[in-house]
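Hi everyone, thanks for making the time. I'd like to walk you through one model today, so let me put it on the screen.

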Amino acid sequence: MAHRVLPIFAYSMKKIVAFLCVAGLALPAGVAQPEMVPVPGGGFVMGFARGDADEKPLHAVELDSFLISATEVTVAQYRAFAESSAYRSSAETGDGSYTWDSLGWHKMEGLHWRHSETGRLRSAGEDRYPVLHVSWYDAVHYCNWLSENAGLRAVYTFQGDSVSADLTAEGFRLPTEAEWEYAAAEGQTPPKSIYAGAGSLGALAWYSGNSGKRAHPVAQKKANALGIYDLSGNVWEWCHDWYDERYYEKSARAGNPGGPAHGEMRVLRGGSWNNSGKHCRIANRTSRYPDFRDGSVGFRVVRSAKGN
Ligand SMILES: [Ca+2]
């Protein structure tokens, strides 16, 4: 953590609360908050020349500084939200989620964030597993709850199934896919690796070649140079953006690109325990409908570094 020592007497209580929250301290008492690590802003070249069609054209992007959670959001962190807010997830209000067995994915009613990828109810000792079976909607509701607890302006506004976002608000939100790729590339152009960090994929990530076909507790593999774990592998991560396979043609030279204004599916990044190395590459892009959930999709959060 690279926080400067600030004269806190000059800050309002609200700012102090926000600062303590960003520092990863429990606030209010007993509430599990993600540990946030700083990502200095700058420019990088997004995309991959040897990648899929939707990873091109390579284009320069400028980003402001931001903070990103060091890990995927865990079962314990999500539980603090679910149990204190009475929020009911897409899986709970809908028809469950997809569970994994040796034959593939199967929809199972009653399956939700308290369950593993195989549909087993998590035990108390599994708090540090990434939360599974969460939709994009669940993820952004969680973000707003974090903002509310920290006294920060919420990013997302809800009207029925419609969600609008103010990406200039200082509260918690999902990373844009540009922020996600920049953090995974450690802000480097070209990145030192096609995966999120130095070394072999097996040293960095839980993927189909080493996972035993299940998710694993966060932060067991090697972090990248910014101190961020599991960007490659373990669980896919929802990003803020609507998915457009040709978005890179339109976002060239954009500052803080936030994705298309409209779309049908939201972006997922990083691959999972169930994917080969190809999908764990930092430039790889895929997408799902925002109410999708299964045992391989989770998320992490970011927030603006302004005001810190
Ligand atoms: Ca991941």
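Let's start in the loop between α6 and β10, where you'll find D230. Keep in mind that this is a predicted model. Is D230 buried or exposed? It has 31 other C-beta atoms within 10 Å, and because the cut-off for buried is 20 or more, D230 counts as buried.

You'll see H133 in the loop between β6, residues 104-108, and α4. H133 is buried too, with 28 C-beta neighbours inside 10 Å.

While we're on the backbone, let me point out some peptide bonds. The one from K56 to P57 is cis, with omega near 0°, and P57 belongs to the loop linking β2 (42-46) and β3 (59-63). The bond from T189 to P190 is cis as well, with omega near -10°. P190 sits in the loop between α5 and α6, the latter being residues 201-204.

Now let's zoom out. The chain has eight helices and 14 strands, and 48% of its 308 residues count as buried. Of the contacts with a separation of 6 or more, 67% are between residues 24 or more positions apart.

Next, the sheet that β10 belongs to. Its four strands come in the order β12-β11-β10-β13, making an open sheet with mixed pairing. At the edges are β12 (286-288) and β13 (297-298), each pairing on one side only. Strand β10, residues 236-242, runs parallel to β13, and two bridges join them. If you look at E237, its bridge partner in β13 is G298.

Lying across β10 and β11 (266-269) is helix α5, residues 177-184, which runs at about 135° to β10.

And that brings us to the inside. Nonpolar side chains tend to be buried together in soluble globular proteins. Here, the largest nonpolar core has 72 residues. Helix α4, residues 136-150, gives the largest share of this core, with nine residues. Which residues have the most contacts inside the core? They are Y78, A139, C143 and A183. Leaving aside residues up to four places away in sequence, A183 touches V39, I68, L226, I228 and L231.

Methods
Residues numbered from 1 in each chain as written. Predicted model: local features only at pLDDT ≥ 70, side-chain atom pairs only at ≥ 80, totals over all residues. Pairing = 2+ DSSP bridges. Contact = placed C-beta atoms within 7 Å. Axes fitted to C-alpha atoms, helices over the stretch in contact; angles between N-to-C directions. Buried ≥ 20, exposed ≤ 12 C-beta atoms within 10 Å, placed from the backbone. Core = buried A, V, L, I, M, F, W, Y, C linked by C-beta atoms within 7 Å.
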